[in-house]
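I opened this notebook to keep track of what I look up. The entries follow the order in which I went through the strands, then the charges.

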Amino acid sequence: MNALTDSEALALHAIPAPQVPAQPSQQMLLVPLSRLRPSRRNVRKTVGPSIEALAASIERVGLLQNLTVTLAADGGHYEVVAGGRRFAALKLLAKRRRIAKDWDAPCLLVADSSARTASLTENVQREAMHPADQFEAFAALVTEGRPVEDIAADFGVTPLVVQRRLRLANVSPRLMADYRADTVSLDQLMALAVTDDHAAQEAAFYDAPEWQRSPAALRQRLTEREIGADHALVRFVGLDAYTAAGGGIRRDLFADDEATGTTLTDAALLERLVRDKLESLAEPVRAEGWAWVEAVPHLRPTEWQAFQNAPRTRREPTAREVRRMEVLQGRIARTDAALEEAYDADDEDKAETLHERREALVVELETVQSQLSDHAPEVRAMAGVIVTLDREGQPLIHRGLLRDAEAKALRALDAARQRAANGQPPGDQGGDSDGSTTGDAPHGAEHLSDRLAQRLSAHRTAALQIEMARQPQVALAVLVHAMVQQALQGGYRNALPLGVRLSLRDRLEDLAPDWPESPAALALRELRQTWADKLPQEPGELFTVLLDKSQEELVQLLALCTAPAVDVVTPRATASQPGAELAQALGVDMAAWWKPTADGYFQHVPKAAILDAVEQFAPNEVQRLSKLKKAEIAQEAERLAEGSGWMPAVFGRQMPTTANGADAPGSAD
């Protein structure tokens, strides 16, 4: 039973020297694949998911390591006790007819008594090569002239994996040596590989303190002067147009996707392309008769506050326009009904098609409605236009903007016309000197309960706090403002006009239950923790550390510590909002820190107030929503408000109107 067959005897002479010197009880054989079967004594019970890749590698480069087998009890088969993955890969190749079913597999025959020991030895004693050796070996293959695609096929990996290993092989030798010594991690190495400049790699790592060597910090340091491919400016110009103009790009092979891993290296060229394209959009606008037209890529919220909206003159629609609007409204209503049926039937394809059709109908209706109101020629002669971009890189044309002087001049002109029409003498003014009437108070708080007013003002406080922590110059001015009032102007004032109290206001959940998870609170908490981790607790040691800090770092820390002193919480619903000067100085846009939701806002105001709000950001939905219950209206209002930029008037932010491309100041931010 243990005698060798003729083919086995011939195989002993045909096979080269074995990889491991055979013991007296071991023999090298060529065994047909059909006579091999798995052994229960193979200590590796889990084959793993990479058999496909291993089979592809064996097909290309051959079986580089023999199987270890014992003779089965039936004497006609051999059981594989070591090399189970290789055996599974060979069976897969045979199944796919890549090799013959009786393909001769090189096997080491061991004694039945040592089968489990041989299996355990092969799986335990082997040691994988260091990843750095892999990187250098892949680079050597490319140097020998092997194409990346062939290398990928040989090892059953994608070409991207090979490119990544080649990029890692190109890291600075000094960093690679430290990687081998386990003082640089693989994640850090991947972050440093974003550039091929060895000097820049070493400076980014070795010149930074240890706590600033996270992969994200290293990648940020190496690309801080570059612009991501998903930036709004890049989306506006187009990556192809930028590269066609000679702009350089850098690709991070270790990014999650190509968009986030691509950066533009020539910011000046991108800025020029953006301005040129905006100017081309501004040219036809200049022919409309405006006093001025400016093309700027971006305006900060504080800059938008310098403008007012010029008044529009509305005319009655023609019979044709009335019919057109009625037809469009009917189509929208029918599309909404069909959408509801599609949602109920879980027909996503139909729902998506109907949704796109509805959006097109709404845009057409808004276009017709926008044509009913326009700026009079005398208004255009004073007002201007700003051509800019929104956050997504889409162009926005803000028509009818007035600076303070222009707004006063226009009001004076209107007042003079009214006096002339009423037969009053030119100098008789019924209002203030600037043409406004006395007693016009800001509105928007009449439908707020005291509890909701406190809740909203708590979120406004959180937004002001994080913005102040990020803007040391304003924080320094606020502190000096408080000290001047005490030291130079005679007295201590607890409630400062700026909305800053000389006590900390860093717990707001009693006023707003959702405050702890708000974006502003989370951002401030993260910033505070970052600094807290860097500073010692012992007062003497803390003072020594602070003395070693630069003035810039101390001012940043001062801003962070000043932030919790901001307190603009209002005890009751009121139209006046404390801290207006501070909000203007910080350029706070509440849309960045708070979203109108059903739980956070709409459920806490009357049904009429919800519909009034919807009228501003989704006027065509008001009729449908008015038939629903308040809870349903609140949920729908939350959905419709998403992405609209709408804010309650109590936050002092106007709702942009997109009709005819004319948006309110601040809507582009």
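**Entry 1: a hairpin**

I began with the hairpin of strand 13 and strand 14, where five residues lie between the strands. Gly-393 takes a positive phi there, near 85°. I keep in mind that this is a predicted model.

Next I looked up the pairing. Strand 13 covers residues 384–389 and runs antiparallel to strand 14, with six bridges between them. Which residue of strand 14 stands opposite Val-385? I found Arg-399.

Strand 14 has another partner as well. Strand 10, residues 308–309, pairs with strand 14 over two bridges, in the antiparallel sense. Here Gln-308 stands opposite Leu-402.

Is strand 14 mostly covered or mostly open? I noted that six of the eight residues in strand 14 (395–402) are buried, so I call it mostly covered.

**Entry 2: strand 3 and its two partners**

I moved to strand 3, residues 67–71. Four of its five residues are buried, and strand 3 is mostly covered.

I checked each partner in turn. Strand 4 (residues 78–82) runs antiparallel to strand 3, and four bridges join the two. Thr-70 has Glu-79 of strand 4 as its bridge partner. These two strands form a hairpin with six residues between them. In its turn, Gly-75 has a positive phi of about 75°.

Strand 5 (residues 104–109) runs parallel to strand 3, and three bridges join them. Leu-67 has Cys-107 of strand 5 as its bridge partner.

In what order do the strands of the open sheet of three run? I wrote down 6-8-7, with antiparallel pairing. Strand 6 (227–228) and strand 7 (249–251) stand at the edges. Each has a single partner strand, so one side of each is left without a neighbour in the sheet.

I followed one of the pairings. Strand 7 and strand 8 (residues 262–264) run antiparallel and are joined by three bridges. Ile-249 has Leu-264 of strand 8 as its bridge partner.

**Entry 3: salt bridges**

I turned to charges. Side chains of opposite charge can pair when their charged atoms come close. How many salt bridges are there? The count comes to 22.

I looked at Arg-167 and Asp-196 among them. Their closest N and O atoms are 3.9 Å apart. The pair links distant parts of the chain, 29 residues apart. Arg-167 sits in helix 7 (residues 159–169). Asp-196 sits in the loop between helix 9 (186–192) and helix 10 (198–206). Asp-196 has 45% relative accessibility, so it counts as partly exposed.

Then I took Arg-358 and Asp-336. This salt bridge has its closest N and O atoms 2.4 Å apart. Arg-358 is in helix 17 (residues 348–370) and Asp-336 is in helix 16 (residues 319–344). Are Arg-358 and Asp-336 buried or exposed? I found both buried.

I also looked up Arg-403, which forms a salt bridge with Glu-406. The closest N and O atoms are 3.2 Å apart. Arg-403 counts as partly exposed because its relative accessibility is 30%. Glu-406 has a relative accessible area of 17%, so it is buried. I then noted a network. Salt bridges that share partners join Asp-336, Arg-358, Glu-621, Arg-624, Glu-636 and Arg-639.

**Entry 4: a negative patch**

My last stop was the surface. A patch of negative charge gathers there, including Glu-340, Asp-346, Asp-349 and Glu-359. Helix 16 and helix 17 each supply at least two of its residues. Which helix gives the largest share? I noted helix 17, with five residues.

I picked out Glu-348, another member of the patch. Glu-348 lies in helix 17. Its relative accessible area is 65%, so Glu-348 is exposed.

Conventions:
Residues numbered from 1 in each chain as written. Predicted model: local features only at pLDDT ≥ 70, side-chain atom pairs only at ≥ 80, totals over all residues. Heavy atoms only, no water. Salt bridge = Lys/Arg side-chain N within 4 Å of Asp/Glu carboxyl O. Buried < 20%, exposed > 50% of the residue type's maximum accessible area, 1.4 Å probe, protein only. Patch = residues over 30% accessible without salt bridge, like charges linked within 9 Å, V, L, I, M, F, W, Y side chains within 5 Å. Areas by Shrake-Rupley, 256 points an atom, 1.4 Å probe, with all protein chains shown as cover. Lys, Arg positive; Asp, Glu negative; His and termini not counted. Charge placed at Lys NZ, Arg CZ, Asp CG, Glu CD. Pairing = 2+ DSSP bridges.
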